[in-house]
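I opened this notebook to keep track of what I looked up, entry by entry.

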Amino acid sequence: MQDLIDRLASELATAPEPGFDIASTVASGRTVVRRRRIAAGGAALAAVLVAGGTAWLVVPGADGRSESSSVAVEPTPTPTPTATSGAGPEEEVEPVVTGTDGEPAINPAAEVIERDAFTASDGQEAEIYHVRLRAAEYYVYLQPDGASSFPLPAQGLTLREWAEVQLVGPDIEDDQWLRFDRGSHVTPVLFGLEIVKQVPDPDLGANFAPAGTPTALVEARLDGATFYLAVRSIGGGKAEAISYRRDDQITTLQQFRTHTMHSYAENESGGSEGLR
């Protein structure tokens, strides 16, 4: 050991020969090191195989052949889809899309539960559908120049009743239901209409009626069916009763009030959709 130490000390004490460039020699050495590292890295990368979703490191055996190591190397995890990447185009979640001929058509992803040819009371013709799309059900009518869809339960209407209302309009106009007889108290105008309960001035918001306007919420019965009515008289005109036939979603007057307030609340564009 002492001989080795003495030899190293002697060599280090000796000055380099003339023409020896330390800077270039060091740079050359670093280049060699980088090349070796790159080569080693490439060999290691080439030796990684993927089997069954797990990366296994392959190492050379004593005879030069590759052997599979018993140590698994975790693979790079697959990126989890984000909310934006998982959402498709808007038309993919709507029951009506534009067909290849430019006409409205049923979304190919929708399941058709019922389909029929329909002629409305005023002679209009349409194809009517009851479809299911992404766990929701819809009524749809298609005409060459237009289409419409509505999520069920659609106020308890049958497919043909819904199509008639959409194409022709309701049998009862809004101003044919009720009238204000004193203050915000209402009385029937429509023959056979029975008022079960009414709430004067229920505060449905400024989008439904300006402050000071007579308003009311009414539960009424007509021909064995229950209707909920949101009533207002704008500018001293006739009482306008916006009707909703009781269905599986709206079963009480309080639920109808909540539904009405939500329908007339401010939306993203600053207005309100209303009940129509």
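Predicted model: local features only at pLDDT ≥ 70, side-chain atom pairs only at ≥ 80, totals over all residues.

Entry 1: Residues are numbered from 1 along each chain as its sequence is written, and side-chain values use heavy atoms, with hydrogens and water left out.

Which residue forms a salt bridge with Arg 115? I found Glu 127, with the closest N and O atoms 3.5 Å apart; a salt bridge here is a side-chain nitrogen of Lys or Arg within 4 Å of a carboxyl oxygen of Asp or Glu. Glu 127 lies in strand E7 (residues 125–133) and Arg 115 in strand E6 (residues 111–119), so this pair ties together parts that are twelve residues apart in sequence. I took the helices (H or I, at least four residues) and strands (E, at least two) as DSSP runs, numbered from the N terminus. Glu 127, at 30% relative accessibility, counts as partly exposed.

**Entry 2: other salt bridges.** I searched the whole structure and noted seven salt bridges. One of them joins Asp 116 to Arg 160, where the closest N and O atoms are 2.8 Å apart. This pair links distant parts of the chain, since Asp 116 is in strand E6 and Arg 160 in helix H4 (residues 159–167), 44 residues apart. I checked the accessibility of both partners: Asp 116 counts as partly exposed at 31%, and Arg 160 counts as partly exposed at 38%.

I then looked at Glu 137, which forms a salt bridge with Arg 132 at 3.2 Å between the closest N and O atoms. Glu 137 is partly exposed at 26% relative accessibility, and Arg 132 is partly exposed with a relative accessible area of 31%. I also wrote down that Glu 111, Arg 132 and Glu 137 are linked in a network of salt bridges.

**Entry 3: the sheet.** In what order do the four strands of the open sheet lie? I read the order as E6-E7-E8-E9, with antiparallel pairing; two strands pair if DSSP finds at least two bridges between them. The edge strands are E6 and strand E9 (146–151), each of which pairs on one side only. I followed strand E8 (residues 136–143) and saw that E8 and E9 pair in the antiparallel sense over six bridges, and that Val 140 stands opposite Ser 149 in E9.

**Entry 4: aromatic rings.** I counted six aromatic pairs in the structure, taking rings of Phe, Tyr and Trp (its six-membered ring) to pair if their centres lie within 6.5 Å, with planes under 30 degrees apart counted as stacked, over 60 as edge-to-face and the rest as tilted. Tyr 139 lies in strand E8 and Trp 162 in helix H4, so the pair ties together parts that are 23 residues apart in sequence. Are these two residues buried or exposed? Tyr 139 is buried, with a relative accessible area of 8%, and Trp 162 counts as buried at 2%.

I next looked up Trp 177 and Phe 227, whose ring centres are 5.2 Å apart and whose planes stand at 55°, so that pair is tilted. Trp 177 is in the loop between H4 and strand E10 (178–182) and Phe 227 in strand E14 (residues 225–232), 50 residues apart. Trp 177 is buried at 2%, and Phe 227 is buried at 14%.

**Entry 5: the nonpolar core.** I met Trp 177 again in the largest nonpolar core, which has 15 residues, and Trp 177 is among those with the most contacts inside it. A nonpolar core is a set of buried Ala, Val, Leu, Ile, Met, Phe, Trp, Tyr and Cys residues joined through side-chain atoms within 4.5 Å. Strand E13 (215–222) is one of the elements that give two or more residues to this core, and E13 gives the most, with four residues.

Notes: Buried < 20%, exposed > 50% of the residue type's maximum accessible area, 1.4 Å probe, protein only.
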